[in-house]
Amino acid sequence: MNHFQAILSQVRTLLSSHRPSLVQALLDSLLTEELLSREYHCTLLHEPDSETLARKISLTLLEKGDPDLVLQGWAWSGLQPPAAEKGPGHRDHGGSTQCATMELGPLEGSSYLELLNSNADPLHLYQLHDPMDLAGEEETELHSETDMDTINCDQFSRLWRDMEGDEETREAYASIAELDQYVFQDSQLEDPNKDIFKHIGPDEVSESMETPAEVGLKKSQKRPFPEELPADLKHWKPVPSSSSSLSCLNLPEGPVQFIPTLSTLPQGFWQISGAGTGGSSIFIYHSEVPQASQPPSPSGLTVHGLPTSPDRPGSTSPFAPSATDLPSMPEPALTSRANVTEHKTSPTQCQAAGEGSNKLPKWPESVEQFYRLLQDTYQTEPAGPDGILVEADLVRAKLVRSSSKSLERELATPDWAERQLAHGGLAGVLLAARERRRPRETQVIAVLGKAGQGKSYWAGAVSRAWACGRLPQYDFVFSVPCHCLNRPGDAYRLQDLLFSLGPRPLVADDEVFSHILKRPDRVLLILDAFEKLEAQDSFLHSTCGPAPSEPCSLRGLLAGLFQRKLLRGCTLLLTTRPRGRLTQSLSKADALFELSGFSMEQAQAYVMRYFECSGKTEQQARALALLRDRPFLLSHGHSPTLCQAVCQLSEALLELGGDAELPSTLTGLYVGLLGPAARDGPPGALAELAKLAWELGRRHQSTLREDHFPSAGVRTWALAKGLVQHPPGATASELAFCSFLLQCFLAATWLALSGEIKDKELPQYLALTPRKKRPYDNWLEGVPRFLVGLIFQPPTRCLGALVGPSAAALADRKQKVLAKYLKRLQPGTLRARQLLELLHCAHEAEEAGIWRHVVQELPARLSFLGTRLTPPDAHVLGKALEAAGRDFSLDLRSTGIDPSGLGSLVGLSCVTHFRAALSDTVALWESLRQRGETKLLQAAEEKFTIEPFKAKSLKDVEDLGKLVQTQRTRSSSEDTAGELPAVRDLKKLEFALGPISGPRAFPKLVRILMAFSSLQHLDLDALSENKIGDEGVSQLSATFPQLKSLETLNLSQNSITDVGACKLAEALPSLAASLLRLSLYNNCICDVGAESLARVLPDMVSLRVMDVQYNKFTAAGAQQLAASLRKCPHVETLAMWTPTIPFGVQEHLQQQDSRISLR
């Protein structure tokens, strides 16, 4: 007899009611009785196919070898069960007959998913997979002391591993998580507010008692696609109920009875018995646990337990995989333990006074403990100045090629008005990113920023946000400082990376690690300061261990994460500097952001917070006054590190009393900070520490070990003065400089004092001129400015204050060498970035001769196109322009200059013309107009120019339209105002958007062309062809009467046919007095178009050059043009070669008129 088919038919009848609440309650009951593991329970909840669900449940029940257990489902559903078929292989509780196996033929194919859908007995499957003599096995009885499965667990493990290896099976399980929302939408179509997982009660069971015929008459409603549902339903997630219980009680045989109000039983119990089947009668209890005052009737009640597997606690079914069996199986409906709201429902109409709550499946105790430990680890706020929070701007970024001939990538520089700000910091970015992430794919988010911009602080803020419950999409967050990953060896595992290398080592067992592997999409891994990792470029090409449990090097683990082989589906958050080889590969990251630093207002807010946290609020006003007196230092306030340094020096100066004053250079700032520490230290301690800083910088490192120090005294002194510190997650012997700028200053101090560096080699470390072989790659990018400042500033308040007068005398010879080198430089020959660096060095030197030479040699036309201008750059540039005493023209396009810097440069009287992004300039005008700065507004409008203008994107055309709209608004509101000089004086306009954007953007350009009354050159040719077509030519021709100054019209490569040529010929007489050059090169003009152009040619009295090469007219069209040319003595050249004209004809025409060009 086929027991599987008997059970399957009964389960099918049970599931035919299409009541999701019934299915939920049954699965919860099997979970409560430990017939299912928690993972398999979640998987069955989201099984989209009812037939597959019925087979899986039947296989689970069949494993017990007792078909009577399926009566639980009949009683629970309220359906009348059919008579169970019984045969010799069946046994009841009093029998001992071994459950017979079904006959199974040879297995066809290699898909274990097909076996799961077959009628095969699972006992027979085990015998085929791993043959063994089951006859000798001890018979398993169903009693409370049983502690072993009928099936050997080792056999099942081997079978399950083979099933995992089957690709079809893996894909089936992988699709479960994606289908959960789609599957569970059926029950919400009738009433979206009704919970499909209601507790089952007597009333609900009685309503669901239908005959199979009635069930068959029901018609299923067509399932809508997700996009057809309301938005709230698309994002609805089912929460599995875990509060229902199902108990199996042995009762005397009798007819099937449903007794909802049995006086001797507590509320919620139902008595079910199988008539004529020899099966056990049972009681089902649902909802709350009965109180002690309401015990069930004790007569004849015998409770039977269910056997459990010693290798897989909580599971009695061989088809219920454990956590270790399915490391990659998702667990739907799990959410973070933070901010979880219990889902409340009313169990039955009889229980009107109370509401049950459907809680999430509980984590194992060890996982809960680890979760709380991780929360406690990241909840700690940083102490001291590092804990001061001032929101900085996080801007969406992208990488672009540094040049057309280079493969290196650098951060693109957006216009200030076009920046895409990410509100809410990194935590807000991660919350928004979950909507865009692809299922089961690792998401990489990179945050770039220069040293000292606060990347590590924001990485810590993300960890604290998760610990406080503000990132509910993640169950676990691991933050790993990358300096901890520069460790040799190849015996590391993934758990070492997660648990042992963070700020504090974490204790976690295998159960915790297995739990993490099951839901990698709920894991956030933060790799902070990635630039401190050695040889980052090899991670994308290295090999990693084949499994998370196998040991390999740390480099191999990182390679596995980046290549999406380990912890696939997690979120990787990287913080790094925007340089280095790894940055070149981040263009494929899912999201790129840049920390732009503080604005001037944010810098001042930081100063206020610093003194507030120090308990010295009475010094806030004086500290702000000191900072405002030094505009150069205030411009450097965009760096949080420098803000902190300024606050520390201000605090020390204010404590001394008297007339405090901040230095005017960065060199003076760090001399003021380190001078007192150097005087209190051992002799030569600062020089030794400076040497360490330089040697580490040459190797691109900032972490040092205790044995690097020349003596224990130097190490103790450096720690006590805060020059070095223990970085988070480092070993006890590892130290790091407290900031990158401090390391740069110390390295420059070593270069200024060292006798090991030859004087003639010193200019190379300024990195101002390109050399093929430079010993210094400018990784310590702050060294050039500090070096010049230390050497040229007076020794008494600079080097002498650090190392004493005798040691400072060594810098005299180096000063002469650098002075000679700097005075020989020609600023006009330097690139924009090098010119700005030279200006900074001259400012730090505070030497009149060097400053005078630099500013006097500045070219009159300064272009910073594509070079980022920071607030300090804008300040020092403005100071140099004022000192030069000459007029300048500035090109500030694609520099990302902020409105304050743009306004300060535009307001200089020596700046006569400037170019900047249209969007930024229009925003500046509007800001000045709102503030009432009429004089500065007038200067900004008069100096602005866009000549020549090249539109390369749709944004350029739109910005040009906004400029024209600004002029129209201005003219209508101010009677005395004339045209904007930028619009009035535009003479050359190029349009090069290509074949895709060109046809869409050209109508917008045509609508504003009439505003440019002085336009002389209109170039519509592009290498990729704009293809404005006949329609575009027709629109353009309508504007000719207003373009009275147009001299050059280039319509080459625009797919113009005879239709467009005829339209053009009709409108050309409007330009007869001004047009000098007309080009129709490489279009599709045939004889009709050539004839129309020939007719209008004599009327074009000012035309000198006409180009109609590479068109499609034949000899007839060519002869028409040649005949017309003889009537036009003013035309100098007619370029007419085209492949459709016989060469002999062309030569003949050229011989007749030498003005015809065939080149």
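Axes here are lines fitted to C-alpha atoms, for helices over the stretch in contact, with angles running from 0 to 180 degrees between N-to-C directions. The model is predicted, so local features need pLDDT of at least 70 and side-chain atom pairs count only at pLDDT 80 or more, while totals for chains, interfaces and linings use all residues. Residues are numbered from 1 along each chain as its sequence is written, and side-chain values use heavy atoms, with hydrogens and water left out.

Helices are DSSP runs (H or I, at least four residues), numbered from the N terminus. Helix α42 (residues 1058-1067) and helix α43 (residues 1087-1096) have axes that come within 8 Å and cross at roughly 10 degrees. The two are therefore roughly parallel, a term for angles under 35 degrees. In contact (heavy atoms within 4.5 Å) are D1058, A1061, C1062 and A1065 of α42 with D1087, V1088, G1089, S1092, L1093 and V1096 of α43.

A nonpolar core is a set of buried Ala, Val, Leu, Ile, Met, Phe, Trp, Tyr and Cys residues joined through side-chain atoms within 4.5 Å; buried means under 20% relative accessible area, exposed over 50%, partly exposed in between (1.4 Å probe, protein chains only). The largest such core has 266 residues, and Y670 is among those with the most contacts inside it. Helix α27 (residues 740-753) gives the most to this core, twelve residues. Apart from it lies another core of 20 residues, including F4 and L53.

With a disulfide taken as a pair of cysteine sulfur atoms within 2.5 Å, the count is zero. The sulfur of C1086 lies 7.6 Å from the closest cysteine sulfur, in C1084, too far for a bond.

Definitions and conventions. Parallel < 35°, antiparallel > 145°, perpendicular 65-115°, else oblique.
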